[in-house]
Amino acid sequence: MIERDQVLHVARLARLRLTDDEVDRMAGEMSKILEHVEKMSELDLDGVEPTSHVVELQNVLREDAPRGSLPRAQALDPAPDVAQGGFRVPSPGQG
Amino acid sequence: MSITEPEARAYEPVIGLEIHVQLKTRTKMFCGCALSFGEEPNTRTCPICLGHPGTLPVANAEAVHFALMIAMAFECDIAPRSIFHRKNYFYPDLPKGYQISQYDMPLARNGRLGDVRIHRVHLEEDAAKLVHAGASGRIHGAQTSVVDFNRGGTPLVEIVTEPDLRSPAAAAEFGRLLQATLRRMGVSDVNMEEGSLRLDANVSIRPAGEATLGTKTELKNMNSFRFLERGLSAEIARQEELVRGGGEVEQETLHYDPQSGGLTALRTKEEAHDYRYFPEPDLVPIAPTEAMLERARAALPELPAARAERFERELELPGDTARLLSFRSELGDFFEEAIEAGDGDARSVANWVTNELPARIGGADPADTGVEPAALARLVAMVEAKEVSRSAAQEVLDVLVADGGDPRAVVDAKGLSRADTGELAEIVERAIASNQDAVDKVRAGKAQAIGAIVGAVMRETKGRADGGEVQRMIRERIGS
């Protein structure tokens with residue numbers, strides 16, 4: 001069972017502002033997800049490797065060869081604020 | 001005072017290091033952007049390393065290769081299968097809102113370097129660089145910052161040691177061995193000032209002899225081994241004072257200011273360490289094949305620790321000399337080539353390579369100067385054969401470093417060959433005649449007065465005579 005303050009904690013980590021109603025709804029939905037996962041522990045899964053990926057692939061690697069980068073103007077184009085050739089942001093740690 | 005009183009106890013520090021190494025690949029960890037070396041900001045980016053939606057990372061084969069080499073160099077157990085995780089946190093230098101790193105299935109574990117155990121070795125991507133654009137230029141004073149994503153996505157290997165270090169000096173010494181080892185392997189520039197080698201240290205204290213660990217603090221981003229040593233000493237002293245005063249160490253992250261010597265706590269939000277790791281769904285596992293392992297093994301050169309040991313054992317070099325030749329592998333290479341040229345005793349050649357050569361070339365690679373290894377070996381052999389005095393040989397080395405060439409030719413051209421005994425005897429005779437005062441003093445028992453006479457001879461011969469031999473001749477002649 002997920003409590004309200006756990007929802008608020010996760011919301012804070014995800015930088016989400018939730019209304020009171022949303023907090024209640026999320027608590028319910030998140031609890032259901034956990035219950036569903038809980039159900040799986042009823043199965044005997046000894047010796048079954050945890051799935052980290054749904055396709056059976058490994059060592060998909062790229063050759064270490066440069067492929068060219070974006071022109072700076074294009075890289076900065078979507079930025080809301082630009083200064084000194086960079087993305088301008090509020091300084092971290094300013095609360 | 002009883003030994004159990006806190007103020008009487010001896011404390012021992014317990015130190016572990018967390019090291020980040022930027023790999024010297026051509027491109028970034030998960031995209032084809034070339035690595036940046038001081039280019040204009042944001043000229044080495046693409047939709048992948050800028051974290052645009054819908055882009056997919058693909059791991060760099062060479063970064064995996066370098067990481068495997070590092071794991072092997074540290075004698076780690078390489079995981080048959082390792083996976084990437086997302087480490088989630090918000091910070092402007094992290095465009096995706098998470099860093100791709102490794103968590104509970106790292107590339108390698110359980111290694112060692114020297115007598116320090118390595119806990120784990122894993123691959124991850126570097127963050128971007130934040131330039132604080134505010135008035136004071138410091139994090140807390142600035143209003144806005146500017147993000148440069150050139151560095152974002154650079155391949156990093158993180159190396160975590162076990163808390164096996166017991167003094168700041170030992171931590172610095174280990175750091176130097178690690179740096180020399182990685183440099184020798186050619187997998188990183190390992191330059192602390194430029195940030196391609198970054199060190200964090202965990203430190204706690206405990207009553208000497210006790211097995212339990214005290215509460216540790218973390219010193220962040222020590223940017224030289226000297227500062228690492230000083231920062232650790234300051235922090236250990238702070239913890240000791242705290243504990244002796246009946247206080248308790250609080251777990252916190254500290255910044256050491258080498259200018260003031262002060263330690264300041266970095267503000268950390270409680271939830272900042274709740275990274276909610278989960279497997280990166282966009283990347284598949286790394287399961288090193290026999291071919292990958294074989295390629296990494298074959299690429300490993302002889303490492304500094306092994307080389308130093310070989311120099312000591314096979315060539316009977318003193319420990320310090322052997323270590324210097326291994327830690328500065330360019331000096332070691334030069335030395336080995338000189339030895340192979342066949343002239344000169346190994347110990348004497350090592351002496352010249354570790355003393356006289358650095359005195360002239362500083363930190364440069366001797367291969368970039370005029371002096372050939374074989375030429376230095378011949379010069380050392382000439383000194384041994386007493387064909388040239390030590391001081392004249394130093395003058396020859398000046399010429400060799402600047403212009404190259406053959407030592408014998410330099411000796412002939414500059415008239416530096418050793419004064420022969422007949423010539424020397426005459427010069428000694430003259431020096432005695434014109435320094436009667438000093439002769440009287442020596443005869444009266446003031447042994448050091450002989451220096452004036454020796455000096456006169458050395459001046460006359462322009463250093464072509466051997467000081468010891470000159471002294472002997474003077475003593476013989478004046479009968480003291």
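Both A:E42 and A:K39 are exposed (over 50% relative accessible area; buried is under 20% and partly exposed lies in between, with a 1.4 Å probe and protein chains only). Their side chains form a salt bridge, with N and O 3.6 Å apart; the term stands for a side-chain nitrogen of Lys or Arg within 4 Å of a carboxyl oxygen of Asp or Glu. This is a predicted model, in which local features need pLDDT of at least 70 and side-chain atom pairs count only at pLDDT 80 or more, while totals for chains, interfaces and linings use all residues. Residues are numbered from 1 along each chain as its sequence is written, chains are lettered from A and ligands numbered from 1 in the order in which they are written, and side-chain values use heavy atoms, with hydrogens and water left out.

**Nonpolar cores**

- The largest nonpolar core has 65 residues, and those with the most contacts inside it are B:I70, B:F74, B:L123, B:I159 and B:L182.
- Such a core is a set of buried Ala, Val, Leu, Ile, Met, Phe, Trp, Tyr and Cys residues joined through side-chain atoms within 4.5 Å.
- Helix α1 (residues 61–73) of chain B gives the largest share of this core, 10 residues; helices (H or I, at least four residues) and strands (E, at least two) are DSSP runs numbered from the N terminus.
- Another core, of 35 residues, lies apart from the largest one and has B:F311, B:L317, B:V353 and B:V411 among its members.
- Not counting residues up to four places away in sequence, B:F74 touches (heavy atoms within 4.5 Å) several residues, including B:L113, B:I159 and B:L182.

**Interface of chain B and chain A**

- Chain B brings 59 residues to the contact and chain A brings 37 residues.
- About 3,900 Å² is buried between the two chains, 55% of it from carbon and sulfur atoms; this is the accessible area (1.4 Å probe) that two parts lose on being put together, summed over both.
- Two salt bridges are found across this interface.
- A:R72 and B:E40 form a salt bridge, with their closest N and O atoms 3.8 Å apart.
- On the side of chain B that touches chain A, the elements giving two or more residues are β2 (59–60), α1, β8 (129–132) and β9 (144–148) of chain B.
- The element that gives the most to that side is β9(B), with four residues.

**Salt bridges**

- Over all chains, the whole structure has 43 salt bridges.
- B:E12 and B:R166 form one, with the closest N and O atoms 4.0 Å apart.
- That pair links distant parts of the chain, 154 residues apart: B:E12 is in strand β1 (residues 11–22), and B:R166 is in the loop between β10 (155–161) and α2 (168–185) of chain B.
- B:R166 is partly exposed, at 34% relative accessibility.
- B:E387 and B:R408 form a salt bridge of 2.8 Å, N to O.
- B:E387 lies in the loop between α9 (373–384) and α10 (390–403) of chain B and B:R408 in helix α11 (residues 407–414), so the pair ties together parts 21 residues apart in sequence.
- A network of salt bridges links B:R184, B:E302, B:R307, B:R310, B:D333 and B:E336.

- B:R310 is in helix α5 (residues 304–315) of chain B and is buried, with a relative accessible area of 18%.
- B:V243 is in helix α3 (residues 225–244) of chain B and is partly exposed, with a relative accessible area of 23%.
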